[in-house]
Amino acid sequence: MRAVRRNISFGGQLEEIVGYSRAVVSGPWCFLAGTTGSDPETKEIPEDIKLQVANAFKTVKRALDEAGFDLADTVRVTYYVTEAGIHDQLAPLFGEHFRHIRPAATYLEVSGLAYPELKFEIEVTAFKG
């Protein structure tokens, strides 16, 4: 039997233009799209990468909640960062959310994201089972 697929959308302009969902739920799985650090309310992108991390986690938590999942259901996380050599500054921010959950994680320093002002992006996979 095929799992029912449910798309979660926040109605963002790029979701329609690009053709993606904020999250896709399939059976006990939830796959979150790459989530950047724009402010969830104003859509402004702060210059400080730590604020971008905080904003991204707010959006991730909201998407998981709307999908019927919790951050504790996270089994895999991938971080994308455009500033080299700042892992040790960001690691405690990640630990605030995942210290006790301990998902499989990957941290990548990349040359850029979709827009030059974006410095951080996170992908999350969650599982209930």
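Colleague: Which residue of strand 5 is the bridge partner of Val81?

Modeller: This is a predicted model, in which local features need pLDDT of at least 70, side-chain atom pairs count only at pLDDT 80 or more, and totals for chains, interfaces and linings use all residues. Residues are numbered from 1 along each chain as its sequence is written, and side-chain values use heavy atoms, with hydrogens and water left out. Strand 4 and strand 5 (residues 104-109) pair in the parallel sense over 6 bridges; two strands pair if DSSP finds at least two bridges between them. Within strand 5, the bridge partner of Val81 is Glu109.

Colleague: In which class does the pair of Tyr79 and Phe120 fall: stacked, edge-to-face or tilted?

Modeller: The structure holds 7 aromatic pairs. Rings of Phe, Tyr and Trp (its six-membered ring) pair if their centres lie within 6.5 Å; planes under 30 degrees apart count as stacked, over 60 as edge-to-face and the rest as tilted. For Tyr79 and Phe120 the centres are 6.3 Å apart and the planes stand at 35°, so the pair is tilted.

Technical notes
Helix = DSSP H or I, 4+ residues; strand = E, 2+ residues; numbered from the N terminus.
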